[in-house]
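Let's take a friendly walk through a two-chain model and see how its chains meet. Please have the viewer open as you read.

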Amino acid sequence: MVWNTLPGSVWNPWVELARMQSELSRLLDGSERAVAAQGEFPPVEVWAGEPGLRLFARLPGFEPDDIEVSVVGDVLTLKGTRPEDGEKEGETWHRRERGSGRFVRSFQLPYAVESDGVRASYQRGVLEVELPRSAADKPRRIAIEAS
Amino acid sequence: MSTKKKGTYEVQATPAAGEEHPVAQAQAEPTRSRAALSPRCDIHETNEAVHLTADLPGVVEEDLEITLEKSVLTIRGRVAERRVEGFQRVYSELAEGDWVRSFQLSNEADTSRIQATLKNGVLRLSVPKHQPTVRKIAVRAG
């Protein structure tokens with residue numbers, strides 16, 4: 001038997017993740033935020049390793065208290081509010097690209113995480129979330145007994 | 001776009017290319033092999049100054065360069081390449097590169113008094129305007 005190892009033929013859970021999370025955001029938010037993953041806010045990056053996952057999100061202009069990170073089972077949710085630079089009298093706006101207000105984004109993770117071990121930090125406008133893989137969910141090697 | 005009124009200070013920004021899209025560098029070729037990304041900006045103006053706010057996530061003060069050449073103000077924020085020991089990048093929506101954007105200041109700008117602060121990945125720049133000096137001309141009785 002020959003294993004088919006062409007790159008495109010290997011099932012990639014991350015493509016699934018992107019698809020699922022956009023579906024999920026649509027369900028949870030139900031607003032105009034329901035757009036393709038590329039236009040989602042905040043844009044994110046996911047790293048994977050032996051201990052679990054690491055997620056980075058670009059969230060400039062927040063205070064750590066303005067961001068809420070929660071994990072339920074294998075679903076990670078980021079929420080937050082960016083205060084508006086209020087328009088004052090006598091001001092003229094020439095450009096407004098940054099936006100403000102509330103955002104919600106959820107991610108379906110490829111496995112359950114240890115919710116007690118989830119850590120989040122915020123630096124330079126970037127949020128970093130550590131998501132340790134649940135011990136019960138880690139792959140185990142099954143010893144084969146000799147008969 | 002700037003609203004053009006008589007006596008109104010004008011700031012022209014490079015076309016908004018959207019946060020994650022590389023910007024064509026018209027004047028100079030970058031010497032680093034990293035893409036230039038256009039940061040999202042707000043520009044608002046009062047009687048005294050023009051205020052520019054730019055999202056520069058991932059940039060620290062040491063890696064931020066603001067230059068003024070003639071009347072062109074350029075913001076350049078270098079973003080350190082991300083590496084996580086023992087981890088691999090498996091999914092990304094973040095274009096890698098440095099934040100670069102230029103603004104044309106009008107000659108009303110008092111460039112000697114530009115102020116800048118960087119906090120939580122947001123740069124706030126204020127460019128004061130020259131205040132018109134009022135001179136009284138005494139008229140002598142003839």
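The report below goes from the contact between the chains to the sheets and then to some local backbone details.

This is a predicted model, in which local features need pLDDT of at least 70 and side-chain atom pairs count only at pLDDT 80 or more, while totals for chains, interfaces and linings use all residues. Residues are numbered from 1 along each chain as its sequence is written, chains are lettered from A and ligands numbered from 1 in the order in which they are written, and side-chain values use heavy atoms, with hydrogens and water left out.

**Where the chains meet**

Taking contact as heavy atoms within 4.5 Å, 46 residues of chain B touch 40 residues of chain A. The two chains bury about 4000 Å² between them, 52% of it on carbon and sulfur atoms; buried area here is the accessible area (1.4 Å probe) that two parts lose on being put together, summed over both. Phe87(B), Tyr91(B) and Glu93(B) supply 19% of the area that chain B buries against chain A, more than any other three residues.

Polar contacts (N or O atoms within 3.5 Å; within protein, one able to donate a hydrogen and the other to accept it, and residues adjacent in sequence counting only if both atoms are side-chain atoms) link 25 residue pairs between chain B and chain A, both residues at pLDDT 80 or more. On the side of chain B that touches chain A, E7(B) gives the most, with six residues. The residues of that side divide into 20 nonpolar, 13 polar and 13 charged. In this grouping Ala, Val, Leu, Ile, Met, Phe, Trp, Tyr, Cys and Pro are nonpolar, Asp, Glu, Lys and Arg are charged, and the others, Gly among them, are polar.

| Residue in chain A | Residue in chain B | Closest N and O atoms |
|---|---|---|
| Glu45(A) | Arg89(B) | 2.9 Å |
| Arg82(A) | Asp55(B) | 3.2 Å |

**Sheets**

Strands (E, at least two residues) and helices (H or I, at least four) are DSSP runs, numbered from the N terminus, and two strands pair if DSSP finds at least two bridges between them. An open, antiparallel sheet of five strands has the order E7(A)-E8(A)-E2(A)-E1(A)-E7(B). Its edges are strand E7 (119-123) of chain A and strand E7 (87-92) of chain B; each has a single partner strand, so one side of each is left without a neighbour in the sheet.

Strand E1 (residues 44-49) of chain A runs antiparallel to E7(B), joined by five bridges. Trp47(A) has Arg89(B) as its bridge partner. Arg89(B) also takes part in the salt bridge with Glu45(A).

Within chain A, three strands form an open antiparallel sheet in the order E3-E4-E6. Strand E4 (residues 75-82) pairs with E6(A) over eight bridges, and there Gly80(A) is partnered by Phe103(A).

**Backbone details**

Phe41(A) and Pro42(A) are joined by a cis peptide bond, with omega about -5 degrees. Pro42(A) lies in the loop between helix H1 (13-29) and E1 of chain A. In chain B, Lys70(B) has a positive phi, near 55 degrees, in a residue other than glycine; Lys70(B) is found in the loop between strand E5 (64-69) and strand E6 (72-77).

Conventions
A salt bridge is a side-chain nitrogen of Lys or Arg within 4 Å of a carboxyl oxygen of Asp or Glu.
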